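Open the model in your viewer and follow the stops below in order.

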Amino acid sequence: MKILIVEDDRDVSDPVNMDRLHEIMGDELFEIVDLYLVEMTRHLQELTIAIATGNAEEVDLIAHNCVGTSANCGMTAVVAPMRELERMGRENDLGHAPAVLEDAKKQFERVTQFLTQLRAPISL
């Protein structure tokens, strides 16, 4: 069993691939970023419930969707913990899922803070 938890003090890279973000989103950058943040917040809440109730199938499905959306948009920091949650759900082994979910939440917070700091200076 592989457990991947990325600690904030070890990961100093930007949590968002800005080149990818601009490439995918173009002129609609802010609208799509806002939608991503809202949807990801909802997915994290859904994952919390799915893990608490032991619904491995739901964990797999939600995490899989988060991996695809996050990777496509360049939100790189959340991809690894979401992939791990996806694997745990697929293998019906949620024993360490709460810790991995906490890491995913920390990484999402990094993404959110990064985007908030960049929002003002970004001009298209």
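**Stop 1: a helix pair**

Select helix α2 (residues 29-52) and helix α3 (residues 56-73): their axes come within 9 Å and cross at roughly 160°. Axes are lines fitted to C-alpha atoms, for helices over the stretch in contact, with angles from 0 to 180 degrees between N-to-C directions. Angles over 145 degrees count as roughly antiparallel, so α2 is roughly antiparallel to α3.

Now show side chains. On α2, the contact (heavy atoms within 4.5 Å) is made by Y36, M40, H43, E46, L47, A50 and I51. On α3, pick E58, V59, I62, A63, C66, T69 and S70.

This is a predicted model, where local features need pLDDT of at least 70, side-chain atom pairs count only at pLDDT 80 or more, and totals for chains, interfaces and linings use all residues. Residues are numbered from 1 along each chain as its sequence is written, and side-chain values use heavy atoms, leaving out hydrogens and water.

**Stop 2: the core**

Which residues touch the most other members of the largest nonpolar core? Select M75, M82, L85 and L115, out of 35 core residues. Such a core is a set of buried (under 20% relative accessible area, 1.4 Å probe, protein chains only) Ala, Val, Leu, Ile, Met, Phe, Trp, Tyr and Cys residues joined through side-chain atoms within 4.5 Å. The largest share, nine residues, comes from α2.

Center on L85. Leaving aside residues up to four places away in sequence, L85 touches L47, I51, V59, A63, A97, V100 and L101.

**Stop 3: the whole chain**

Zoom out. The protein chain has five helices and zero strands, taken as DSSP runs (helices H or I, at least four residues; strands E, at least two) numbered from the N terminus. Buried residues make up 41% of its 124 residues.

Conventions
Angles under 35 degrees count as roughly parallel, over 145 as roughly antiparallel, 65 to 115 as roughly perpendicular and the rest as oblique. Buried means under 20% relative accessible area, exposed over 50%, partly exposed in between (1.4 Å probe, protein chains only).
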